[in-house]
Amino acid sequence: MNFPSPSPRVLVIGAGPVGLTLAIDLGKRGIPTLLVEQKPLPAHLPKMERSNARTMEIFRRLGIADRVRGVGLPADVPMDVYVTTRLTDEPILHLPYPAPCEAAAMARECQDGTLPLESQQLVSQYALEPLLKDVAEAEPMVQVRYSTQLASFEQDDRGVVAQLINPDGSQESVRADYMVGCDGGASSVRKALGIKLAGKGDIATLRQVFFRSDELIQKVPRAGKARHFYFADTDARIIGTAMVVQGDQQHFTFHTGLPEGTDFVPVIQERIGVPVDVDILAVTSWKLHLLVADRYRDRRVLLAGDAAHLVIPQGGLGMNTGIGDATDLAWKLAGTIEGWGGPGLLDSYESDRRQVGQRNIRASEYASLGTAEWRKASTDKVAEDSEEGARIRSRVAELAAVHQKKGHEMVGIELGYRYLDSPIVDYSTADDLQDGYSYEYSPNADAGYRLPHLWLADGSALHDHLGRGYNLIRLAGTSVDTSELEAAFAATGAPLEVHSFPEPHLRKVYGADLILLRPDLHVAWRSDQTPADARALADKVVGGHHHGGSPAPQTADRPATDQESAGV
């Protein structure tokens, strides 16, 4: 649907899950957005296959969590992980994880904030992208155009002018206030800006074999009650040979270090352990990287998703980090365009999200080193029915019980990240200024953290009562007068909703009577008393209020560093 505007306010390059989510969020905020994608259709390959708890919370805020679950792994299928020699062999290690319906039941009984509102969901990218495309195309303020390529762009103090190549080969000039590159690891937007990637690049090259088997679940029932199988062998030690079940349980991916020209049908059948039909649909090579962009912004052009950071798949932090970028950037672009956001609002995107990118690079490496650790104990005798084979399997099980968990048990990384040194967070009443980096999740509502999920007395989720703008929460029946802070917000023009929740358990977990939330549900300020200077607080959290006009452009004055791998 065409938006009722002569030109978009935001141009998004790349219609993967991150670009689509950004466009949807912007559209719901009333920002005319043009999303262009050079592919003719959404991706037909799996790529990512898990939306983590934080991503599912974001999808819930967008009103699409149930639809996402509807195209994913059935709700009653466990998210179990196995380490094994073959699918039909006795497992070396079984790591049980609850099915979405079980996780939802556990969350319903939890009153201390330790569990998320939404649990993780296995959903293949080739199922998620078409759904997000449908949602984006239904937004009146979003226009989606496939088979459209970005040829070049220029920017000035007023906006960005992009040259697009349409499906018929004609060239079109489009002006927007801002442009966002969500165009993947080989981002042409990032390269055109001269922004480099720093970290460890081109660590290894592996193969993903995408195949279909209508018989596998039937002949190997265990495969119908799990999502990941890691094979104990000597191939691809850094990440391991693995098979991943896709959402429909008829498609699978096989990950290996074997050469691209390998006949993969007998290889896969051998790892399964019984004869089954194997229809190879695609074999693709991909490189392992641990890289983060030196900058996420150059004046009116920004980066999000894989264009800004590249991780190893262990831990599933790639797309999920990008969805976090999208939800952070959407409200900051909206506030800047609508005029209530000051010049520091959009500046905060890089300071907030780049630290998360660096944090998740660290977590991704931690997870991959965990897999590599137990694989060191495996030899070509691991599957032997012998005393030595049994000894090797025992050692693999001992190590994997510790190290394989690292990639599957990092809820603290997914939910517990804290924005530190954010220019739009007031830390003056914070209990501490630690980054909270932990693989285990402990609910914390101090300044910079995501507000933990809690249930209200009527059985509804507190998160579901919160508006899309700023929210001021009054707890435990506090009598503190917040009218001055409310008036200060009104003066900035920023949207603010005030909520009173008297339940005592909320105050116990959240740790203060008053909590001011950013639109992304991260805590901007908390206290038991009104702020000493309400106008200064309101001014700070909206980015330094200004009266109309465009925000001051950010200059690209930081030198590019480190390597940028070929093709990345």
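Visitor: Helices here are DSSP runs of H or I, at least four residues, numbered from the N terminus. With that settled, which helices each supply at least two residues of the lining of the largest cavity?

Guide: This is a predicted model. The helices are α9 (318–338), α10 (343–375) and α12 (411–415), and each gives the lining at least two residues.

Visitor: How many cavities of 30 Å³ or more does the count come to?

Guide: One.

Visitor: And how much space lies in the largest cavity?

Guide: About 80 Å³.

Visitor: Which residues line the largest cavity?

Guide: Asn52, Arg54, Leu317, Asn320, Thr321 and Gly324 are among them.

Visitor: How does the lining of the largest cavity split by class?

Guide: Four residues are nonpolar, five polar and three charged.

Visitor: New topic, strand β15. Why is β15 largely enclosed by the rest of the structure?

Guide: Strand β15 covers residues 251–256, and six of the six are buried, so the rest of the structure largely encloses it. Buried means under 20% relative accessible area.

Visitor: Which residues point which way from β15?

Guide: His251, Thr253 and His255 point one way. Phe252, Phe254 and Thr256 point the other way. Both sets are buried.

Visitor: How many bridges join β12 to β15?

Guide: Six, and the two strands run antiparallel. Strand β12 spans residues 197–212. Its Phe210 stands opposite Thr253 of β15.

Visitor: And β14, parallel or antiparallel to β15?

Guide: Antiparallel, over four bridges. Strand β14 is residues 241–245. Thr253 comes up again here, as the bridge partner of Val244.

Visitor: How many residues lie between the strands in the hairpin of β14 and β15?

Guide: Five. In that hairpin, Gln249 takes a positive phi near 60 degrees.

Visitor: Is Ser187 buried or exposed?

Guide: Buried. The relative accessible area of Ser187 is 0%, and the cut-off for buried is under 20%.

Visitor: What joins the side chains of Ser187 and Asp183?

Guide: A polar contact of 2.6 Å.

Visitor: Leaving aside neighbours within four places in sequence, which residues is Ser187 in contact with?

Guide: Leu303 and Ala307. So the picture of Ser187 is a loop residue with 0% relative accessible area, in polar contact with Asp183.

Key. Residues are numbered from 1 along each chain as its sequence is written. This is a predicted model: local features need pLDDT of at least 70, side-chain atom pairs count only at pLDDT 80 or more; totals for chains, interfaces and linings use all residues. Side-chain values use heavy atoms; hydrogens and water are left out. Buried means under 20% relative accessible area, exposed over 50%, partly exposed in between (1.4 Å probe, protein chains only). Two strands pair if DSSP finds at least two bridges between them. A polar contact is a pair of N or O atoms within 3.5 Å; within protein, one must be able to donate a hydrogen and the other to accept it, and residues adjacent in sequence count only if both atoms are side-chain atoms. Contact means heavy atoms within 4.5 Å. On a 1 Å grid over the protein atoms alone, a cavity is a set of points where a 1.4 Å probe fits but cannot get out, and a pocket is an open set with protein on both sides within 12 Å along at least five of seven lines; lining residues have an atom within 4 Å of a point. Grid points are joined across faces, edges and corners, and a volume is the space filled by probe spheres set on the points. Ala, Val, Leu, Ile, Met, Phe, Trp, Tyr, Cys and Pro count as nonpolar, Asp, Glu, Lys and Arg as charged, and the others, Gly among them, as polar.
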